[in-house]
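Biologist: Could you walk me through this model?

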Amino acid sequence: MLLGRAALSQQKKPTRIILLGTKGGPRVGEIGRSNPSTLLLINGVPYVVDCGYGTSKQLLNAGIALNQVRYIFITHHHSDHNLELGPLFYNAWITGLPVTVDAYGPPGVANMIRDFFNYQKFDIDTRIEDEGRKDPRTLLTAHEFDKPGMVMANDDVKVGSFLVRHPPIKHSYAYRFDAWDRSVVISGDTAYVPELATFAKGADVLVHEIMYLPAIEALLKRLPNATRLREHLMAAHTLPEDVGKIAAQAEVKTLVLSHFVPGDDASITDEMWAEGVRKHFKGRIVVGRDLLEI
Ligand SMILES: [Zn+2]
Ligand SMILES: [Zn+2]
């Protein structure tokens, strides 16, 4: 029997977005924003996009039991996006993982998982033998892709990827989740790519990275490799005005700022992050913070 959207909505749970970590970069802070990760709950099932350090802890803080995690997506292989890929799965396994986990991402995901299991071989083998646990190596499957396109689909969601610009990394992707009730695009790390607007066209929510130049320049003043670092940052991240342009061109309903660079400068207010964006985007702007739900 075919069900209409209204009938479906009585059976399926609404899609939820929870920002787990909103600070760009791998440095771990004592306080403030956690390293990058975004959670989508689609019909009650957790989809984790990127696994910066602290992702397991932030999932727990968001009220998600780790053994509920079913899907993991990696945007690219900077460590602020993948450092906890193996450990997150391990933490789920040790919680009592009931089902398999599928991990999607650019080439390197399978190796990383294999290397992690090797890194923890002693512990894993001991616990299988000693505690009668299932072999975790049979429960986590890597799915790699080396060009943009459809990543996966099930009854609740279709997931697609788009190649963004994050030099020197060749494989850096944005993801689009067209869930049964809502569409969500996550930019990953990227410089300004006008074509991202086409990929994000009409999405309900666009989660986009952002870099605040004045704070970066103040930081750079103190560093000997300032010129080189400035070039890298400018080529690899997006300024507020350009984030606004993408959101406006894509005609998204809500723009969520996350992956703040720098993410640990408390002197940058929400208004300062949003100001440049607003010059171009007239829709709803959410300045992200950890554990905020959209
Ligand atoms: Zn990053
Ligand atoms: Zn990056």
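This is a predicted model: local features need pLDDT of at least 70, side-chain atom pairs count only at pLDDT 80 or more; totals for chains, interfaces and linings use all residues.

Modeller: Residues are numbered from 1 along each chain as its sequence is written, chains are lettered from A and ligands numbered from 1 in the order in which they are written, and side-chain values use heavy atoms, leaving out hydrogens and water.

Biologist: How many residues of strand S11 are buried?

Modeller: Strands are DSSP runs of E, at least two residues, numbered from the N terminus (helices are H or I, at least four). Buried means under 20% relative accessible area, with exposed over 50% and partly exposed in between (1.4 Å probe, protein chains only). Val205 and Met211 are among those covered on one side, with Leu206, His208 and Ile210 on the other. For S11 (residues 205-211), the count is seven of seven.

Biologist: Which residue in S12 stands opposite Ile210?

Modeller: Strands pair if DSSP finds at least two bridges between them. S11 and S12 (residues 254-261) run parallel over six bridges. Opposite Ile210 stands Phe260.

Biologist: Which residue bridges the zinc ion (ligand 1) and the zinc ion (ligand 2)?

Modeller: Donors are N, O and S atoms within 2.8 Å of the metal (3.2 Å for Na, K and Ca); water is not among the atoms, so sites may look incomplete. Ligand 1 is coordinated by Asp80 (OD), His81 (NE2), Asp189 (OD) and His259 (NE2), at 2.1 to 2.2 Å. The two zinc ions lie 3.5 Å apart, bridged by Asp189.
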